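Subject: Structure handover and notes

Dear colleague,

Here is the structure for your files. My notes on the sheet, the helices and a few single residues follow below it.

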Amino acid sequence: MDSQKIHMNGGDGPNSYANNSEYQKQLVGYSKKLMAELIEQELDVGIINSGCSLFCVADFGCSVGGNTYLAVQNIIKAVENKYKSSELDQENPQLQVPEFLVFFNDLVQNDFNTLFNYIHGNKPNYFTTGIPGSFYGRIFPKAFLHFAHSSMSLLYLSRIPEEVLDRNSAAWNKGRIHYSSSGAAKEVEAAYADQFRKDIQAFLDARAQELVPGGLMTIITLTILDGVLPSDSPMAINFTILGSCLQDMANMGIMSEEKLDSFNLPYYYTSPMEFETLIKTHGCFDIIRFEKLPTPLRQVVIDVQTAVLSVRVVTEQLFQQHFGNDITEELFQRYTEKLDSHPLLKDDKYRTDASYFVFLKRKTETSEPES
């Protein structure tokens, strides 16, 4: 799986990510007040170099649609309020609200055209630019950014672990499409976990170099609760159902067994404890807040079509790249039928996932990670 080709469904049609990401949108909303409070508390208004009045923000894994716009608006409003309140401080009589330059980052295949049509249709009060590339490496010069943001992006691995595709490996994931799928060997999960650890290390290394000392970063990520088996998580059940649909199609000769055995989904769902430990071990950031957010759509009865679309918009491109465009409609029709007969959407016992808001501050006294 080429990590450089992972992207959401583009455009603004009925099967687009832009129109089927209410879950992600609600998480941005839930974090708004908390983020504003922490920016007021932690942002040093002297963070901008003397003689410069530009405050640089980056959204890593921006995708397409309104969610990234809302997140950036929340950040800028909170930073503006911090500067305005600091203007009243007699120690900062010359302080002014800076201008803002926002970088929207995602992989090159992201639908930046639809994204910028949306953003500029809303007449933002900041300068904007798109910057394609993997956020698991350096994208900006050293000490360039003042604020970094990433929402629901770090669950995407940079690559599928080689072991799960190796027929001679104990981690070979034959007949399954994810480490959480029912019956997957423990070595498969270990391979995914190791890749996630490497990816988070690379992400934090890059951001530690790009952020100015004292720079801030917010992360929103989906986890499974500590102590919950991956196979019991909601997404695991979805992936197991999808895998069974592909297996049925392979049994019918629609695709080959070899084609199925060479496909795995590049998602890893960390636990709160694992994620917090990785950040602490890295050592370049202070964890200012690590807090569970309310669960989106908790009080809503989700119909099967809405549930299918929410999965389809984030996985369809992966299926098409590997199996071809011809299988898509049949795959998701089979998935709809199987999901409709499963209690996943009707029983709260399956809601074992949780989203966390993480607020980090770049340490000023630590050495830089290697380039």
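Two strands count as paired if DSSP finds at least two bridges between them. Helices (H or I, at least four residues) and strands (E, at least two) are DSSP runs, numbered from the N terminus. On that basis β6 and β7 are joined by seven bridges and run antiparallel.

The model is predicted, so local features need pLDDT of at least 70 and side-chain atom pairs count only at pLDDT 80 or more, while totals for chains, interfaces and linings use all residues. Residues are numbered from 1 along each chain as its sequence is written, and side-chain values use heavy atoms, with hydrogens and water left out.

The sheet

There is an open sheet of seven strands with mixed pairing, in the order β3-β2-β1-β4-β5-β7-β6. Its edge strands, β3 (127–132) and β6 (285–292), each pair on one side only. On average, neighbouring strands of this sheet are turned by 15° against each other, direction ignored. Axes here are lines fitted to C-alpha atoms, for helices over the stretch in contact, and angles run from 0 to 180 degrees between N-to-C directions.

Strand β7 (residues 353–362) also pairs with β5 (residues 211–224), in an antiparallel arrangement with nine bridges. Within that pairing, Ile219 has Val358 as its bridge partner in β7, and Ile224 has Asp353. In β7, Leu360 is the bridge partner of Ile287.

How far is β7 covered? Ten of its ten residues are buried, where buried means under 20% relative accessible area, exposed over 50%, and partly exposed in between (1.4 Å probe, protein chains only). In a regular strand the side chains alternate between the two faces of the sheet. Both faces of β7 are covered: Asp353, Ser355, Phe357, Phe359 and Lys361 are buried on one side, and Ala354, Tyr356, Val358, Leu360 and Arg362 on the other.

Helices on the sheet

Helix α1 (residues 22–42) lies across β4 (145–151), β5, β6 and β7, and runs at about 30° to β7. Helix α4 (residues 186–210) also packs on the sheet, where it touches β1 (54–60), β4, β5, β6 and β7. The direction of α4 makes about 155° with that of β5. Contact throughout means heavy atoms within 4.5 Å.

Helix pairs

Two packed helices are described by the angle between their axes and the distance between the axes.

The axes of α4 and α7 (residues 272–282) come within 10 Å and cross at roughly 45°. The two helices are therefore oblique to each other; angles under 35 degrees count as roughly parallel, over 145 as roughly antiparallel, 65 to 115 as roughly perpendicular and the rest as oblique. The crossing of α4 and α7 is right-handed. A crossing is right-handed if the near helix is turned clockwise from the far one by less than a right angle, and left-handed if anticlockwise. On the α4 side the contact includes Phe196, Ile200 and Leu204, and on the α7 side Phe275, Leu278 and Ile279.

Helices α5 (residues 234–251) and α9 (residues 328–340) pack at an angle of about 125°, with their axes 9 Å apart. That makes α5 oblique to α9. Their crossing is right-handed. Among the residues that meet are Ile241, Leu242, Cys245 and Met249 in α5, and Leu331, Phe332, Tyr335 and Leu339 in α9. By class, this contact has nine nonpolar, two polar and four charged residues; Ala, Val, Leu, Ile, Met, Phe, Trp, Tyr, Cys and Pro count as nonpolar, Asp, Glu, Lys and Arg as charged, and the others, Gly among them, as polar.

Single residues

Ala143 is not a glycine but has a positive phi of about 50°. Ala143 sits in the loop between β3 and β4 and counts as partly exposed, at 42% relative accessibility. Met152, also not a glycine, has a positive phi of about 60°. Met152 is in the loop between β4 and α4 and is buried, with a relative accessible area of 11%.

Pro132 is in strand β3 and is partly exposed, with a relative accessible area of 47%. Leaving aside neighbours within four places in sequence, Pro132 is in contact with Asn105, Asp106, Leu107, Val108 and Phe112. Phe112 is one of the buried residues of helix α3 (residues 112–121). Lys123, which follows α3, has a positive phi, near 50°.

Regards
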